[in-house]
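Subject: Structure handover and findings

Hello,

Here is the structure for your files. My notes on what was found follow below it.

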Amino acid sequence: MARITVGVSLKMYFGHRAAREWLAEVADIAARSEAVADGRVELFVAPGYLQLLPALEAVAGTRVRVAAQDASEHDAGAYTGEVSPAELAEIGVRMVELGHAERRRMYGETDTVVAAKTTAALRNGLTPVLCVGETERMPVGDALAVAAAQVSSAVAGAPAGRIVVAYEPVWAIGAPEPAPADHIRALTSGLRSAVAELPGRDGSAVIYGGSAGPGLLTELGDDVDGLFLGRFAHDPAALREVLAEASALAALRERVPA
Ligand SMILES: O=C(CO)COP(=O)(O)O
């Protein structure tokens with residue numbers, strides 16, 4: 001199926017009440033979207049840990065998937081302050097963001113840590129949303145080498161299973177505008193080829209994140225499998241627009257065989 005994946009991370013922007021209000025609006029938008037309802041558009045939301053249970057409640061009865069923003073590499077034990085991927089799966093969380101640029105930069109997550117967490121996520125049936133990307137502006141070939149190496153190191157030794165690669169050039173996160181479309185297209189196509197060569201990763205997707213908002217998916221067209229949004233989906237109306245673009249793109253792909 002020509003599926004388009006759209007994800008939104010709330011990072012730590014919203015308090016509890018604001019998150020609940022946003023989730024209720026998103027659940028309503030998803031329920032009204034035919035493309036989300038029939039699976040042509042996969043929508044996931046990644047709220048904070050304390051917002052996961054209310055999120056699961058809010059989206060019950062829709063096909064919206066709930067993702068955690070991180071998870072431990074361990075399932076259980078003496079790991080104070082960590083959150084178990086086994087427990088995430090137990091409560092109904094389906095996906096988990098791993099290796100986000102903010103965790104790599106501020107919390108010292110190395111490729112080794114990201115690989116251990118990827119293994120733990122897949123072991124527990126969670127789909128990793130593997131965040132990769134170069135830290136500074138650089139030519140396309142160099143950026144692709146960095147991002148592809150992050151992907152292959154994360155999945156080396158991990159159990160088989162679908163992954164969602166979120167290509168997020170660090171310099172375009174929290175910026176006024178996304179990376180230039182040509183840069184994104186080159187990187188997402190390159191990463192698609194790299195992921196296609198990995199064994200056991202059928203159904204995987206490569207999406208773009210970093211100041212993404214309405215209009216970008218249409219501009220990128222066929223070279224990307226979706227978007228990972230941050231600030232520019234805080235307004236539910238903007239997310240509604242992005243979902244409309246995703247559903248138009250999915251319809252177009254169904255007509256034109258890949
Ligand atoms: O990091 C991001 C999603 O994980 C993107 O955040 P912004 O869209 O707010 O730049």
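Helices (H or I, at least four residues) and strands (E, at least two) are DSSP runs, numbered from the N terminus. By that rule Glu25 lies in helix α1, which covers residues 16–32. Residues are numbered from 1 along each chain as its sequence is written. The model is predicted, so local features need pLDDT of at least 70 and side-chain atom pairs count only at pLDDT 80 or more, while totals for chains, interfaces and linings use all residues; side-chain values use heavy atoms, with hydrogens and water left out.

Confidence

pLDDT is the predictor's confidence in each residue, on a scale from 0 to 100. The protein chain averages 96, and 98% of the residues score at least 70. For the model, ipTM is 0.99 and pTM is 0.97.

Buried means under 20% relative accessible area, exposed means over 50%, and partly exposed is in between (1.4 Å probe, protein chains only). Glu25 counts as partly exposed because its relative accessibility is 42%. Together with Glu21, Asp235 and Glu241, Glu25 forms a negative surface patch. Patches are made of residues with over 30% relative accessible area and no salt bridge; like charges are joined within 9 Å, and nonpolar side chains (Val, Leu, Ile, Met, Phe, Trp, Tyr) within 5 Å. Asp and Glu count as negative, Lys and Arg as positive, and His and the chain ends are not counted.

His16 is also placed in helix α1. With 36% relative accessibility, His16 is partly exposed. The C-alpha atoms of His16 and Ile184 are 34 Å apart in space, and the two residues are 168 apart in sequence.

Salt bridges

A salt bridge is a side-chain nitrogen of Lys or Arg within 4 Å of a carboxyl oxygen of Asp or Glu. The whole structure has 16 of them.

One of these joins the side chains of Asp223 and Arg185, at 3.7 Å from N to O. This pair links distant parts of the chain, 38 residues apart: Asp223 is in the loop between α9 (216–220) and β8 (226–229), and Arg185 is in helix α8 (residues 181–196). Asp223 is partly exposed at 27% relative accessible area, and Arg185 is partly exposed at 22%.

Asp225 has a salt bridge with Arg192, at 2.6 Å from N to O. Here too the pair links distant parts of the chain, with Asp225 in the loop between α9 and β8 and Arg192 in helix α8, 33 residues apart. Asp225 is buried, with a relative accessible area of 11%, whereas Arg192 is partly exposed at 25%.

The side chain of Asp225 also meets that of Arg253 in a salt bridge of 3.7 Å, N to O. Arg253 sits in helix α10 (residues 236–255), 28 residues from Asp225. Arg253 counts as buried because its relative accessibility is 15%. Elsewhere, salt bridges that share partners join Asp70, Arg103, Glu109 and Lys117 into one network.

Helix α7

Ser152 is in helix α7, residues 140–155. Its relative accessibility is 37%, so Ser152 counts as partly exposed.

Regards

Key: Areas by Shrake-Rupley, 256 points an atom, 1.4 Å probe, with all protein chains shown as cover. Charge placed at Lys NZ, Arg CZ, Asp CG, Glu CD.
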